[in-house]
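This report concerns the contacts between chains in one protein assembly. Please consider the sequence and the structure together before reading on.

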Amino acid sequence: MKKLALAGILAVGLTGCGSDDPQVLNLYNWSEYMPQEVLERFTEETGIQVVYTTYDSNEAMYARLKLLDESAAYDLAVPSTYYVSKMRQEDLLMPIDRSKIEGFDNLDPELVNLDIDPDNQYSVPYLWGTTGLAVDTSDVDGEVTAWADLWDERFEGRVMLTNDMREVFHVGLRVLGYSGNSTDPQEIEEAYEKLSELMPSVRTFNSDAPRMPYLEGEADVGMIWNGEAVMGKDTMPSLEYVYPEEGIIAWLDSFVIPKNAPNPEAAHQFINFVLQPEISALISEDIGYATPNLAGRDVLDDAVANDRSSYPSATDMINAEFQEDIGDDALQIYAKYWEMLKSGR
Amino acid sequence: MRSVMQQPFRTAVLVLVWGWLLFLVLTPNLLVIGASVMTRDPGTFISLPLNLDAYRQLFNPLYLDVFLNSLYMATMTTLICLLIGYPFAWALSKVPRHRQMLLIFLLIVPFWTNSLVRTYALKLILATNGLLNNALMSVGLIDQPMQMLYTEGAVIIGLVYLLLPFMILPLYAVFDDLREDLLRASHDLGAGRLATFVHIIVPMTLPGVLAGIMLVLLPAMGLFFVPDILGGSRNLLVGNVIKNQFLDARNWPFGAAASIMLTLAMAFLMFAHRLSKRRIGEDGV
Amino acid sequence: MTRWLPRTYLTLVYLLLYVPILVLVVFSFNDSRSGYAWGGLSLRWYEALFNNRAMVQAMWNSLWLALSAATVSTVIGALTALALHRYRFRGKQVLNGMLFVVMMSPEIVLAISLLGLFLLVGLQLGYVSLLLAHVTFCLPFVVITVMARLSGFDERLPEAARDLGASDFTMTRTVLIPVIMPALLAGWLLGFTLSLDDVVVSTFVGGPSYEILPLRIYSMVRVGLKPEVNALGTLLLVFSLVMLMLSQWILLRSKR
């Protein structure tokens, strides 16, 4: 213990060029999920520096937040639907002071006051999106219309999956006709069996930037997030986003403030900043996901507002399923099979 | 009077060293052992009922597969390192002295460059649109790009590339010590090249071989970032599984048990290494 | 035949070792974004690198961490080596054993064990946790380097110093330290590089309050091809080459 104290003194003496800036916002977010411009404009307007750290799965984000719970590392995180309820129930979040968030009333009524967080006491929707099929039409002959098409022999070694346990199993479950939120061990095992048949075709898992394997020519077909598909199409026009017959996976990512956040004031300011119609529109235009901010949608560039990839039509949403919290027991079963799946050759 | 003067310095040094090692080496290792016999807890990571579930899980055929696969990857890596490194170290020991130093320096330089960056450079080379495919296609050796990135082969190449110097350096040390008189004696007694190799050179370089294996095999099972970058994020190594248990799945007892297995494997290798050294000591004279 | 075969072989292996590094350096000056095709000479990726505030901050953080970790581990490592060499005390074997365990245990095991410790004592993950972890894994290398130097050292010198009435501390400062100086330098340098390069341990014990370069690079590399990484890699290469040469020069000078 003495040594620790000594090292501590030493360390304090040695630091100095560390992070002693007066105002810092520690934002913990998905990779490539916030335009640089937004961060810069926020800093310009408020003088608060944004430290942007990234994760590539809800599990990693959750584990890290839990790990660093005591040490108060992050001010703002962006979990998906089902993790909002999980974290709220486990008392990991700080209530959001609505009086500091001006634009809240502009949010799509269908995306607030959900079961995951009644009355939005702990979360404010950031973006919503879908996970569907990506097809590189320059390399794929014929139609790809369903998740089940991925199992086609012609795609051997050319399939890309997101590195996301829930999403990949969602696909497996839907192909078998089950709900993507299944908690039935039998169904999950069947989905695992089905997915392990797909494994020889799988080239890579990627949730840091799912568009990249397509752009780099490593994969021709597979899963992708709609925003990534939109961004990818800018550089590779042959990349198409397809709504699979079994239904897309829909999700909503929300801002939450960890219970021990060192700077909740800045976190509120940031949420407020993002909810300005102009900023919401800028984000949606730049990274291709749909903004839940209706005022933002109004000022959206027409090309983006009419892009079916970003803003699906009612027919696109047939069979679509929102991801839900499935509880820790089911999650453990998923986790076990996920490990096995990813260890398969 | 001298002893009075020397006491405080001695005490201070010993307290500092002991303190550091007890606090940052012994305690953490005991913690891992402790965690491995506890129960997974979704809230607090680990909780009390002591049991051996984690170890049982380890020997579950499903997870055993992961270990065997990891062992396979690491063994292939080690074998390739040995195949490249053994003749390399031999050839190196034959080079004139003054040039040897320069060559060893050149061997170490890549090791001083960030390993992530080097792994990334391999990605540039192995990608479908990458340099190797482009080169092979432009000379007409292949007309379709080969799929090299995101395969087990790519991961093994990455591991070999990162770990090769660790195989070569201990091998070089034993070749450098190889006693010329024994070789000459063997030759004088009429032994052929092969016989000399099998009966003299191989046993005498065995400690180096084992040291090299030790320095390559175990790290090759732990370097999780190589499969992440070159293997398409598959769990090809035990290192990936351990990392996932701690940073994703939050099954600490299992992760701890897996890492204890790794440590035990290392201990076994070290034991073999010591044994071989002792044998050489007896036979060599 | 016996002459050119080993030479060709050596050349071939060196070629394989250096091709990826060469690719990295060449493509860091590539004007094209693709990373595979040559698009003309340009410094734009270096520019992009230095305009990235978070990146520059991570660079400074990493340098500072490596500097302090190398220094602390050299001091503690040298004292440990001296203690092991000079003093008789109980548990010497245990001490030796623990150092051996650190050096030999797989990095990932060290990483999780330290993470467990830091969580238990409630230490915030950041600079201090990184420093403690880095010093710990650098320590055995410094000890070994210094021990090697000490074992080839004439025992009569310290004896003479003591007989002349020098205290242990004075003797250490005036006789031993100069002798082990080259080893200290070598150990420091090794620690510096190990710290700057570490991914595995830092992934576990690092925190957002102190972001360091390897973790930053890791998240960049995982996203896909980023030409900035080439530029960064080239800079790191030049940096470590300069450090290596500098140390060689100092070592050679001190030998004379």
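The model is predicted: local features need pLDDT of at least 70, side-chain atom pairs count only at pLDDT 80 or more, and totals for chains, interfaces and linings use all residues. Residues are numbered from 1 along each chain as its sequence is written, chains are lettered from A and ligands numbered from 1 in the order in which they are written, and side-chain values use heavy atoms, with hydrogens and water left out.

Contact denotes heavy atoms within 4.5 Å. Buried area is the accessible area (1.4 Å probe) that two parts lose on being put together, summed over both.

| Interface | Residues in contact | Buried area | Share from carbon and sulfur |
|---|---|---|---|
| Chain A and chain B | 33 of chain A, 37 of chain B | about 3,000 Å² | 50% |
| Chain B and chain C | 79 of chain B, 85 of chain C | about 7,500 Å² | 81% |

**Chain A and chain B**

One salt bridge (a side-chain nitrogen of Lys or Arg within 4 Å of a carboxyl oxygen of Asp or Glu) is counted between chain A and chain B. It joins the side chains of Asp328(A) and Arg40(B), at 3.5 Å from N to O. On the chain A side, at least two residues each come from helix 1 (2-14), helix 3 (58-67), strand 6 (202-205) and helix 13 (327-343); helices (H or I, at least four residues) and strands (E, at least two) are DSSP runs numbered from the N terminus. That side holds eleven nonpolar, eight polar and 14 charged residues. Here Ala, Val, Leu, Ile, Met, Phe, Trp, Tyr, Cys and Pro count as nonpolar, Asp, Glu, Lys and Arg as charged, and the others, Gly among them, as polar.

**Chain B and chain C**

Trp20(B), Trp112(B) and Tyr120(B) supply 11% of the area that chain B buries against chain C, more than any other three residues. Zero salt bridges are counted between chain B and chain C. Helix 1 (residues 2-36) of chain B gives the most to the side that touches chain C, with 22 residues. By class, this side of chain B has 58 nonpolar, 14 polar and seven charged residues.

**Helix 13 of chain A**

Twelve of the 17 residues of helix 13 of chain A are buried, so this helix is largely enclosed by the rest of the structure. Buried means under 20% relative accessible area (1.4 Å probe, protein chains only). Among the buried residues are Asp328(A), Tyr334(A), Trp338(A) and Met340(A).

How values were computed. Buried means under 20% relative accessible area, exposed over 50%, partly exposed in between (1.4 Å probe, protein chains only).
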